[in-house]
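Here is a short report on one protein chain. Please look over the sequence and the model first.

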Amino acid sequence: MSINDYIRNIESIINSFVIVSSVNLNIDIKTTDIAFISGKIEFRNGSVLDFKEFVENTEAGIEKYKYAYNYRSNSEFFFRYDNAPDPSAKGVSTFPYHKHIQGGKITDARQVDLSDVLAEIEEIYMSEIGN
């Protein structure tokens with residue numbers, strides 16, 4: 001998969017979620033094999049996902065060196081997945097992969113991608129409108 005294919009895949013994933021109301025993508029292609037992708041996805045309930053990925057196309061496929069997915073609503077923080085070598089996350093078994101949750105807690109998390117995070121947000125959204 002090329003970097004351009006990866007970017008098209010990101011756009012396709014975002015467009016496949018009906019809870020998305022608007023998207024602002026910033027794509028900085030550094031070389032034919034390296035890109036920094038960031039964006040803001042707004043949802044129909046007013047919540048927002050800010051995200052960034054630093055990716056490279058390698059012989060093994062797309063390698064995601066850095067990522068962060070921050071889900072919030074105005075000033076209310078819901079969760080953030082990232083792989084930053086955060087010293088406060090060194091205690092989690094999945095370090096450097098971890099999830100920040102409300103209350104300042106950090107939990108184990110596998111490496112996630114945008115579709116995983118959007119699916120989690122969709123679950124939250126659907127549970128809210130089901131109540």
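## A loop glycine

Glycine 104 sits in the loop between strand 6 (98–101) and strand 7 (105–108). The model is predicted. Glycine 104 has a relative accessible area of 68%. That value is over 50%, so glycine 104 counts as exposed.

Phenylalanine 79 is 25 residues away from glycine 104 along the chain. The C-alpha atoms of the two residues are separated by 9.6 Å.

## Helix 2: length and sides

Helix 2 covers residues 114–130, which is 17 residues. At 1.5 Å a residue, helix 2 should span 24 Å.

Which residues of helix 2 are buried? They are Leu114, Val117, Leu118, Ile121 and Tyr125. These residues cover an arc of only 95 degrees around the axis, so they lie on the same side of helix 2. On the other side, Glu123 and Gly130 are exposed.

## What covers the buried side

The cover over the buried residues of helix 2 includes helix 1 (3–15). It also includes strand 2 (34–43), strand 3 (48–58), strand 4 (61–73) and strand 5 (76–82).

## Helix 1 against helix 2

Two packed helices are described by the angle between their axes and the distance between the axes. The axes of helix 1 and helix 2 come within 10 Å. They cross at roughly 10 degrees. Angles under 35 degrees count as roughly parallel, so helix 1 and helix 2 are roughly parallel to each other.

Helix 1 makes the contact with Ile10, Ile13 and Ile14. Helix 2 contributes Leu114, Ser115 and Leu118. By class, this contact has five nonpolar residues, one polar residue and no charged residues.

Methods
Residues numbered from 1 in each chain as written. Predicted model: local features only at pLDDT ≥ 70, side-chain atom pairs only at ≥ 80, totals over all residues. Heavy atoms only, no water. Helix = DSSP H or I, 4+ residues; strand = E, 2+ residues; numbered from the N terminus. Expected span 1.5 Å × (residues − 1). Buried < 20%, exposed > 50% of the residue type's maximum accessible area, 1.4 Å probe, protein only. Arc of directions from axis to C-beta. Contact = heavy atoms within 4.5 Å. Axes fitted to C-alpha atoms, helices over the stretch in contact; angles between N-to-C directions. Parallel < 35°, antiparallel > 145°, perpendicular 65-115°, else oblique. Nonpolar A, V, L, I, M, F, W, Y, C, P; charged D, E, K, R; others polar.
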